[in-house]
Amino acid sequence: MVRENQSTAIEFLLLGLAGQSKEEEVIFGMFLWMYLVTVCGNFLIILAISCDPHLHTPMYFFLANLSSVDICFSSVTVPKALVNHVLGSKSISYTECMIQIYFFITFINMDGFLLSVMAYDRYVAICHPLHYTMMMRPRLCVLLVAISWAITNLHALLHTLLMVRLTFCSHNAVHHFFCDPYPILKLSCSDTFINDITAFTVGGLTSITPFTCITVSYGYILSNVLKFPSIQGIRKALSTCGSHLTVVSLFYGAILGVYMHPSSTYSVQDTVATAFFTVVTPMVNPFIYSLRNRDVKGALRKLICRRLTSSRFYN
């Protein structure tokens, strides 16, 4: 990497997930297909919710926000990797890398906060059904999302500013397909102690707090559901949580294993796990929510039928 008087680096080289050209072609095809499915699937969820008045409820308001974040989350990392492959380049400028880190941290944390807000929504719906409309007012829903955006952006700004102060020396090869903060930290020839401590404390807090809220919400839900007199009532109550629990398990199962240890121990397995929750999880979320939710399936069916009818009319 070129340096001028110990100044900031000019560019990094993203080596990707494969070392051979044949493997890179396969990964390129998979990433392109998964990215298109992610964008189309999540966009359909947003469109179905916005076009169906029956889905203008807090639960689906949060789901539409989650789908929007998932599109942005994938768009931060995947398009750059695809463009680099097409151009035969592996480089990413220092400025692009820092911007990528900022938005990556923002959207990954926003996913967690939205999942926790959705868990709270399910808690209110199951444990306080008579007070649901009063407790989950539209103003409160907007406020919860706005606060989540504020926290995640401030958190991302903190980590990015701490990253910018570091000096990067001769080695500029990143064994990843995007600027993941941990592999970038490993390239620094400066002391990264403050970065690691911040990642453990502030980063851990912004990850564990939503996870704790989800756990507590489902703890109350489970204790309340077990009091139901019939098994059918228990199944009906838990069926509304099935999709959300599946998404939470996929998301936190990967993220906690990758980032809850020092940057110096980042390995190839962590790279694969990171690729899973940055590419695969946003892709499968629409399928999980649509296939296991009658309301969403109905809205998607209406939307598709409406489009087909309008296209026949114009033809």
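Trainee: Where does α2 bend, and which proline follows?

Mentor: In this predicted model, α2 bends by about 40 degrees at Ser75. Pro79 is the proline that follows within four residues.

Trainee: What span should helix α2 have, and how far apart are its end C-alpha atoms?

Mentor: Helix α2 covers residues 58–87, and its 30 residues at 1.5 Å a residue should span 44 Å. The end C-alpha atoms are 44 Å apart, so the two values agree.

Trainee: Which residue follows α2?

Mentor: Gly88 follows α2, and its phi is positive, near 70 degrees.

Trainee: Turning to His155, which helix holds it?

Mentor: His155 is in helix α5, which runs over residues 138–164.

Trainee: Is His155 buried or exposed?

Mentor: His155 has a relative accessible area of 6%. Buried means under 20%, so His155 counts as buried.

Trainee: What does the side chain of His155 make a polar contact with?

Mentor: The partner is the side chain of His159, at 2.8 Å. In general, an α-helix has 3.6 residues a turn, so residues three or four places apart point the same way.

Trainee: Which residues is His155 in contact with, leaving aside neighbours within four places in sequence?

Mentor: They are Ile105, Asn109, Val202, Gly203 and Thr206.

Trainee: Which residues does the UniProt annotation "transmembrane region" cover?

Mentor: The unreviewed UniProt entry gives several spans, including 26–48, 60–79 and 140–158. In the model, residues 26–48 are 100% helix, with end C-alpha atoms 33 Å apart. Residues 140–158 are also 100% helix, and their end C-alpha atoms lie 27 Å apart.

Terms used:
Residues numbered from 1 in each chain as written. Predicted model: local features only at pLDDT ≥ 70, side-chain atom pairs only at ≥ 80, totals over all residues. Heavy atoms only, no water. Helix = DSSP H or I, 4+ residues; strand = E, 2+ residues; numbered from the N terminus. Buried < 20%, exposed > 50% of the residue type's maximum accessible area, 1.4 Å probe, protein only. Polar contact = N/O pair within 3.5 Å; in protein donor to acceptor, adjacent residues only side chain to side chain. Contact = heavy atoms within 4.5 Å. Expected span 1.5 Å × (residues − 1). Bend = angle between axes of the 7 residues up to and from the residue. UniProt positions renumbered as here; feature names shortened; annotations may be inferred.
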